[in-house]
Amino acid sequence: MRHQATFIIQNELGLHARPAMLLVQSVSRLTCDVYLEKDGLEADAKSIMGVLTLAAEQGSRITVRAEGPDAEKAIHAIKKLVEEKFGED
Amino acid sequence: MPSRNLWKRNSERIKFRGLGVSPGVAIGHVRLFHVSTLDVGESVVIPQNVQSEVQRFQDAVAQTRIKLMELGKRVGQRGEDKALTEVLTMHLMLLEDKMIYDRAIQLIREERYGAEYALASVVREARKRYAGLPDLFRERISDVEDICRRIMDMLRGVHTQTLEDLDEEAVIVARDLSPSDTASMHREMVLGFVTEAGGKTSHTAILARALEIPAVIGVPGISRFAQDNDPIIIDGDTGYVILNPPPEDIKEYRDRQNQYQLRQSRLIQLAELEPITLDGYRIDLAANIEFATEVESIVKYRANGVGLYRTEYLFLNTYSVPTEEEQYRHYSEVAAKLAPKPVVIRTLDIGGDKFAHSLDTPHEMNPFLGCRAIRFSLANQPIFRTQLQAILRASVWKNLMIMYPLISSRSELVQAGQLLDSIKADFRRQGIPFDENIRVGAMIEVPSAVIIARDLAPLVDFFSIGTNDLIQYTLAVDRGNENIAYLYQPLHPAVLRMIVSIVNTGREFGLPVDVCGEMASDPVCALVLLALGIESLSMAPHAIPLIKQVVRSVVMVQLREFGAELLDLSSVADIRKRVQQALPKLVHDKDGLVANLYESNILADT
């Protein structure tokens with residue numbers, strides 16, 4: 001199972017501490033590998049430090065790649081968070 | 001540097017000065033707060049011990065998790081805000097982060113590192129990773145350091161000191177405080193904070209203001225001099241910290257504490273009123289700020305914008321010069337939140353008594369007469385250019401003004417103006433929007449600038465008098481030097497005549513003249529400044545209500561006549577006496593404010 005999708009980060013402060021926590025929590029229990037890519041840099045979406053140090057600000061283009069039984073769920077969970085601007089704004 | 005032990009025995013009065021970041025006075029006893037170091041010497045284990053070393057690390061992490069969860073429960077029970085719970089959740093997540101947990105175990109297995117050294121290496125790698133990021137992200141390294149410190153203490157079998165354990169009221173003295181230190185803090189027990197570290201990343205500053213607890217930051221050496229239970233006074237307004245104060249100090253500061261509380265209660269009633277004199281003159285009361293986060297207090301105290309935005313705090317306490325993007329974000333945040341109210345951004349005022357790790361400032365015998373402020377900027381054009389570009393980009397809100405500090409000659413304004421013009425030309429070419437009418441001003445704080453003000457006037461749109469430095473340079477008095485502090489006299493005739501001279505030049509050239517030094521926040525000095533013709537004052541936000549009350553109690557016409565009389569007097573003593581005599585006639589006080597003015601230190605004999 002491989003899934004991929006690209007999102008634009010819309011909330012004002014980007015993937016700062018709180019949104020990054022929500023993102024990691026949304027995928028951490030899923031049975032799949034999830035990676036985020038920004039400008040050629042890749043981070044493990046299950047690592048809070050990885051996600052934070054991507055420094056994805058508002059307007060950043062993030063590609064999510066997921067592989068494993070829950071890959072589709074992972075993409076869906078992240079899509080929902082991004083679209084809801086992580087509950088901010 | 002004297003040996004630590006020698007100073008440990010010393011219980012003499014020692015006075016320090018730092019940056020007052022949260023107003024109010026705290027009088028109490030010291031509680032030293034130490035954090036354990038994350039720098040560990042290299043250590044390697046023999047192959048047979050690798051597995052037990054891994055086990056030791058895993059046990060330490062497991063124990064740390066239990067401690068954190070207990071802490072989380074207690075914080076939850078105390079019903080404290082969500083932010084604290086979030087900090088703790090973040091820390092629990094970091095505890096199992098691959099880049100910390102898995103990486104440390106990998107280093108123990110593959111490199112045979114001792115557990116402590118493996119953990120220290122993980123922190124070092126993390127620091128590198130965070131170093132180049134924009135502020136908002138880079139600052140989160142403190143969470144990593146924080147959690148690794150807890151694991152480190154567990155590995156070493158030492159108890160992690162927390163502010164949660166406080167069992168009696170205390171003034172916290174520390175090198176620096178991390179978010180989790182403050183998260184677990186027992187709030188009712190903390191009277192105030194003093195830290196060696198300072199600057200915008202100081203959580204202490206932001207937290208203290210939010211909690212309205214007095215705080216002074218940027219006091220180097222304090223944690224070496226102070227001992228647990230030493231008596232201490234901190235003044236969050238002036239930035240003074242007195243260790244082992246004698247009874248006179250305690251009495252003086254008790255009085256100030258009372259005054260402060262009085263002032264706070266008056267606040268609520270005054271916020272809505274306009275700063276208009278009894279005869280209808282409007283006086284501009286603006287705020288001095290250091291951090292973008294202070295915008296809230298401007299709203300709270302109804303300031304008319306920012307008269308002095310001290311940008312150097314963006315540069316202090318960081319290991320890299322802030323990028324144009326970072327600066328832009330700070331400036332435009334302030335501009336956007338306050339528009340259309342004016343915001344005067346002062347370009348970098350580094351040197352003197354403010355130094356940054358990230359900037360290569362020379363060591364000088366006499367830093368206040370050295371390469372500081374505009375001199376530093378002109379000598380380091382790439383840094384200056386970056387700052388001006390960031391300001392210009394943020395100027396699209398049409399409320400920004402640029403102010404150059406420590407102007408002492410015409411050529412400095414010419415050079416700064418040329419640089420600004422070349423940036424504007426670049427922006428036009430590249431189609432980058434900015435405010436074509438952005439106004440620039442000179443800070444008047446050196447006597448030479450007062451004397452040649454007529455030559456400076458055609459090059460600027462406004463003057464702003466920085467009284468702290470103007471007094472220091474006019475009277476040749478280092479105000480940080482206690483032996484001659486009595487010579488630092490805001491009401492010295494030379495100072496008053498300098499101010500009038502600038503006001504007159506401003507009128508002649510149609511330039512506004514404001515005052516943004518500490519004089520503006522002292523009620524008696526503010527009254528004298530109004531008498532001398534100043535119509536715009538900028539001060540620490542919390543001082544605005546009291547000054548507003550002064551403005552609302554005077555008749556401008558009467559005050560101006562009084563100002564003219566003051567100029568004929570030739571000594572500080574005469575000026576003080578005249579002010580004291582005139583106060584009851586000048587201040588038409590309905591709410592018992594005059595009593596307060598008589599107590600001003602400015603009028604006290606020294």
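In this predicted model, A:D39 is exposed, because 10 other C-beta atoms lie within 10 Å of its own, and a residue counts as exposed at 12 or fewer. A:D39 belongs to the loop of chain A that runs between β2 (33-38) and β3 (41-44).

B:K398 sits in the loop between α15 (381-394) and β12 (400-404) of chain B. With 14 other C-beta atoms within 10 Å, B:K398 is partly exposed. A further backbone feature of chain B is the cis peptide bond from B:A339 to B:P340, where omega is near 5°. B:P340 is placed in the loop that links α13 (324-338) and β11 (343-346) of chain B.

The contact between the two chains comes next. On one side are 15 residues of chain A, and on the other 18 residues of chain B. Within chain A, the elements that contribute two or more residues to the side touching chain B are α1 (17-28) and α2 (48-52). By residue class, that side of chain A consists of 8 nonpolar, 4 polar and 3 charged residues.

Helix α7 of chain B, residues 141-156, has 16 residues and spans 22 Å from its first C-alpha to its last, close to the 22 Å expected at 1.5 Å a residue. This helix is largely enclosed by the rest of the structure, because 12 of its 16 residues are buried. The buried positions of α7(B) include the charged residues B:D143, B:D146, B:R149 and B:R150, and also B:I141, B:V144 and B:I147. Just after α7(B), B:G157 adopts a positive phi of about 70°.

The nonpolar cores complete the picture. The largest has 103 residues, and B:V306 and B:L529 have the most contacts inside it. Helix α21 of chain B, residues 523-531, gives the most to this core, with 8 residues. Leaving aside residues up to four places away in sequence, B:L529 touches B:I499, B:V515, B:M519, B:A520, B:I534 and B:L537. Apart from this core lies another, of 63 residues, whose members include A:I48, B:L88, B:A104 and B:I147.

Technical notes. Residues are numbered from 1 along each chain as its sequence is written. Chains are lettered from A and ligands numbered from 1 in the order in which they are written. This is a predicted model: local features need pLDDT of at least 70, side-chain atom pairs count only at pLDDT 80 or more; totals for chains, interfaces and linings use all residues. Two residues are in contact if their C-beta atoms, placed from the backbone, lie within 7 Å. Helices (H or I, at least four residues) and strands (E, at least two) are DSSP runs, numbered from the N terminus. A residue is buried if 20 or more other C-beta atoms lie within 10 Å of its own, exposed if 12 or fewer, and partly exposed in between; C-beta atoms are placed from the backbone. The expected span of a helix is 1.5 Å times one less than its number of residues. A nonpolar core is a set of buried Ala, Val, Leu, Ile, Met, Phe, Trp, Tyr and Cys residues joined through C-beta atoms within 7 Å.
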